[in-house]
Amino acid sequence: MKTLIVLAFYILPALSQAQSKQDTLYVYGPGGPGAAMEECAKVFSMKYSISVKVTAGPEPKWIEKAKQNADLVFGGAEYMLTQFKMQHPGLMDSTTRTELYKRRAGILVRPGNPKNITSLKDLAKPGINILEITGAGQLGMWEDLAGRQNLIGGIQKNIKGAFGNTAIAIDAWKADTKYDAIIIFASWHNRLKDVSELVEIPKKQTVYRGTPISVTTISNQKSEARQFIQFLLSAEGHAIFKKWGWE
């Protein structure tokens, strides 16, 4: 008797590349909030298994890439995100724009405070060399502060260098010791403790800037992007921002 032998081959379908590859949220913005945003991204990723890549720094370094894959864009001040919207029409979903937390202005001086700068008034004294930042959320910030105490003229005379963003201003601070002080966000001291001391400006005299964030129109992960914003707004997210100098 002949026996018929049938061989059956079972081929399990391979996972598609799209299924096997973990999606990533791409987040872009200026360097100021970068450290806080990166830590939030790390905690969020571990908690929800959603990868988040934060790119922070001057806009010209990342804008072309952001136009291709940005899920979220944040700003270092409300006016910055408004300018971004105007310069790149159609990229931001304005209905998702959210304010996170505010940060205050302060004064950074050299370690040991050799010029004994203890207040904004000291910046108007002869012999004080000030470094000015004209962008990155700080446009006009020193003038807002000085105007309250009638110090605009005195401080302006002591400005010996001006830079368009915080990154190049900090490079100048590190490279040239002629500068005695920078009027800057106090939060930057957390990242510059080796080259600066912080002189606080009293709360009734200081000014604040916001930290807005928005989902983009090109994001194909809008639900996850909104979930990340909700994490930023949570007590856990707020604690991280406080750690980096926000209120």
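**View 1. Strand β8 and its bridge partners.** Leu 131 has Ile 182 of β8 as its bridge partner. Ile 182 of β8 is also the bridge partner of Leu 108. β8 is mostly covered, with five of its five residues buried; buried means under 20% relative accessible area, exposed over 50% and partly exposed in between, using a 1.4 Å probe and protein chains only.

A note that goes with every view: this is a predicted model, in which local features need pLDDT of at least 70 and side-chain atom pairs count only at pLDDT 80 or more, while totals for chains, interfaces and linings use all residues. Residues are numbered from 1 along each chain as its sequence is written, and side-chain values use heavy atoms, with hydrogens and water left out.

**View 2. The largest nonpolar core.** This core has 34 residues, and those with the most contacts inside it are Ile 107, Leu 120, Leu 123, Leu 131, Leu 145 and Ile 155. A nonpolar core is a set of buried Ala, Val, Leu, Ile, Met, Phe, Trp, Tyr and Cys residues joined through side-chain atoms within 4.5 Å. Two or more residues come from each of β5 (103-109), β6 (130-133), α5 (141-148), α7 (166-175) and β8 (181-185). The most, five residues, come from β8. Another core, of 26 residues, lies apart from this one and includes Ala 36, Met 37, Val 52 and Leu 232.

**View 3. The surroundings of Leu 131.** Neighbours within four places in sequence aside, Leu 131 is in contact with Gly 161, Phe 163, Ala 169, Ala 172, Trp 173, Tyr 179, Ala 181, Ile 182 and Ile 183. Contact means heavy atoms within 4.5 Å.

**View 4. The largest cavity.** Look here for about 70 Å³ of space; a search of the whole structure finds one cavity of 30 Å³ or more. Ile 130, Leu 131, Glu 132, Ile 133, Gln 138, Met 141, Trp 142, Ile 159 and Ile 183 form its lining. β6 gives the most to this lining, with four residues, and α5 supplies at least two. On a 1 Å grid over the protein atoms alone, a cavity is a set of points where a 1.4 Å probe fits but cannot get out, a pocket is an open set with protein on both sides within 12 Å along at least five of seven lines, and lining residues have an atom within 4 Å of a point.

**View 5. The largest pocket.** About 460 Å³ of space lies in this pocket. Of its 30 lining residues, Pro 30, Pro 58, Glu 59, Met 80 and Ala 136 lie nearest the centre. β3 (72-74), α4 (78-87) and α7 each give two or more residues to the lining, and the largest share, six residues, comes from α4.

**View 6. The five-stranded open sheet.** The strands follow the order β2-β1-β3-β11-β4, with mixed pairing. At the edges are β2 (51-56) and β4 (98-99), each pairing on one side only. β3 and β11 (residues 212-215) run antiparallel and are joined by three bridges; Leu 72 stands opposite Val 215 in β11.

Methods:
Grid points are joined across faces, edges and corners, and a volume is the space filled by probe spheres set on the points. Two strands pair if DSSP finds at least two bridges between them.
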